[in-house]
Amino acid sequence: MPKTRLIALMSLALVAGCEPSPLTPQELETAKSLALMSLEPIPPSPSNAQADNPQAAALGAKIFFDAGFSGNGAVACATCHLPDRQLQDDLPLAKGVGTTDRRSMPLLGAAWSPFLFWDGHKDSLWSQALGPLESPVEHGATRTFHARHIAGQYKAEYEAIFGTFPDAKDWPAHAGPGGTKEEQTAWQVLPENTRKEIDQVFANIGKSLEAFQRTLPLLQTRFDIFIEALAKGQNPEPDQSLNTQEIAGFQLFTGKGECINCHNGPRLTDDHFHNTGVGEVAGLPKDRGRAAAIALLDSDPFNCLGAYSDAAPGQCGELQFMSRDEHEFERAFKPPSLRGAAARPPYMHSGQISSIEAVVEHYSLAPEAPSGHTELKPLNLTTEEKAALIAFLHTLDPL
Amino acid sequence: MKPLRIVAALVVLLLLGFGGFVAFRMLQPLPDGLDLARSKQSAAGLFIVAVEPEDGKMQRGPLHAWIASVSNPDGTPVADATIAIDGGMPQHGHGLPTEPRATGSTAPGKYRIEGVKFNMGGWWVLKLKIEAGGKTDTAEFNLVL
């Protein structure tokens, strides 16, 4: 055999003889971008000087589980953010002292998000935590009540982190700008300096809760183990491999389905806001999503540029450069992380869709939005394609 | 070229071609002949405009800064320009996720654009409106992430 043909045959044999990889090199690169191995460290939280203080995290953990921070003594953060349920509650609408208009969000990965809540109306995890504490239907108590609870139960721990606790002997039991009429009046008659002292303690409660939540890791999944093995050139163990259907689902997720447009990066969210034509819920007020959040962010005394932020203005880029185009954000909501999503129905910002099968159907049909314009186009997925997508999503369930 | 090198080159081309096919399949197809130049004449030819990420890397996710360089057609820098930034994803029908702004000049004719963010992969357009010395012109750049 001539030398040239021999070399050609050997080269072809080399290519053909490779262990067939379940993913092409390009698919593997895309998969790596979605896997935990690509996760960046938690970004700094410049508006919270105690964000990475272990003492603050320890105090935050106690606050998180303490139902004493509620009007009826029965609601803690952990009431809706259950530690054994991905820190969410499996309900369409969160139930605290009353019932909210939105579904509880899972907290894992929240520390990476520049904007919090479904509509992103808070720009830090510490400021986010203050919302439910004062909501009449969540914790159902005022900021003065919460600050007094710190004085009564956690004063030493608080002072070790934040310095001397202010003199609280003249603070009313219930006073806050968002409470009942009586509570609002009690707040308004307080001297400005007292209101600022209470606001500072209230902000520090949030800062402790943020420090705690920054210690919560993202959970490993079968997808992560599989992709990391492939990335290292190893053969994944059979029970840690993705089967043909799951790989087909991954290919749909990153290809025809275009799910990866908004569910990208290792948290499988782009941290932005999208109108996907999710329906309204009868009986709930109209929800404009991000469109209504922009004014809330700008006027929030607890935002990155506010008096209780520890950041220099130059460190508040997300707030300073956020898009303020309400028209573009009409009924836009944040894509939640899809890590663990298949295992935590119901779905969407007010629990409108009850099963993962119905979610995939929604994206396949792409209905018109109740207001604004949906970004979706019909995918017309086949039965097999829908099943494959769902199978892939389950590979993102926490182990 | 020796036969061995020819065959090896063919095998490499085969593999690259396959990878390229897959990459194409996984993205929305780009328009034919999309101009990806990062330096060009402005629309009416009044300026030469170039854009680059400040740290050299266009990335998905975090806020980052770009540098816009503006010069006259003869190559002299335009030092007193006012620049407005707009853009979006033509294939998705949405704008930029943030409102980037030119926040200062780093050198004559070089302007720092802060607050740039690309929240997803695909074809992005960055539009610059440049006003200097009583003249106004625009420059559009296609970016693929």
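Let's start at A:Leu209, which, leaving out residues up to four places away in sequence, touches A:Gly60, A:Ile63, A:Phe64, A:Cys77, A:Ala129 and A:Leu133. Keep in mind as we go that this is a predicted model.

The largest nonpolar core has 45 residues, and A:Leu209 is one of the four that touch the most other members, together with A:Phe64, A:Ile150 and A:Ile205. At least two residues of this core come from each of helix 3 (54-65), helix 4, helix 5, helix 6, helix 7 and helix 9 (192-213) of chain A. Helix 9 of chain A gives the most, with eight residues. Apart from this core lies another, of 35 residues, including A:Leu28, A:Ala35, A:Ile353 and A:Ile390. As background, nonpolar side chains in soluble globular proteins tend to be buried together.

On the helix 6 side of chain A, the contact uses A:Ile150, A:Ala151 and A:Gln153, while helix 7 of chain A brings A:Lys155, A:Glu157 and A:Tyr158. Sorted by type, the residues of this contact are three nonpolar, one polar and two charged. You have met A:Ile150 already, among the residues with the most contacts to other members of the largest core.

Next, look at A:Phe223, in helix 10 (residues 222-231) of chain A. Its relative accessibility is 1%, so A:Phe223 counts as buried. What surrounds A:Phe223, leaving aside its neighbours within four places in sequence? The residues in contact with A:Phe223 are A:Ala31, A:Leu34, A:Ala35, A:Leu242, A:Phe250, A:Phe392, A:Thr395 and A:Leu396. One of these, A:Ala35, belongs to the core of 35 residues.

Now for the loop between helix 4 (77-80) and helix 5 (125-134) of chain A, where A:Gln88 lies. Is A:Gln88 buried or exposed? At 0% relative accessibility, A:Gln88 is buried, since the cut-off is under 20%. A polar atom of the A:Gln88 side chain lies 3.0 Å from the backbone oxygen of A:Arg85. Beyond four places in sequence, A:Gln88 touches A:Cys80, A:His81, A:Leu82, A:Arg103, A:Ser104, A:Met105, A:Pro106 and A:Arg344. A:Leu87 is in the loop between helix 4 and helix 5 of chain A as well. Its phi is near 55 degrees, a positive value in a residue other than glycine, and at 8% relative accessibility A:Leu87 counts as buried.

A:Ala366 has a relative accessibility of 12% and so counts as buried. Finally, the peptide bond joining A:Pro345 and A:Pro346 is cis, with omega about -5 degrees. You will find A:Pro346 in the loop between helix 13 (317-320) and helix 14 (356-365) of chain A.

Notes
Residues are numbered from 1 along each chain as its sequence is written. Chains are lettered from A and ligands numbered from 1 in the order in which they are written. This is a predicted model: local features need pLDDT of at least 70, side-chain atom pairs count only at pLDDT 80 or more; totals for chains, interfaces and linings use all residues. Side-chain values use heavy atoms; hydrogens and water are left out. Contact means heavy atoms within 4.5 Å. Helices (H or I, at least four residues) and strands (E, at least two) are DSSP runs, numbered from the N terminus. Ala, Val, Leu, Ile, Met, Phe, Trp, Tyr, Cys and Pro count as nonpolar, Asp, Glu, Lys and Arg as charged, and the others, Gly among them, as polar. Buried means under 20% relative accessible area, exposed over 50%, partly exposed in between (1.4 Å probe, protein chains only). A polar contact is a pair of N or O atoms within 3.5 Å; within protein, one must be able to donate a hydrogen and the other to accept it, and residues adjacent in sequence count only if both atoms are side-chain atoms. A nonpolar core is a set of buried Ala, Val, Leu, Ile, Met, Phe, Trp, Tyr and Cys residues joined through side-chain atoms within 4.5 Å.
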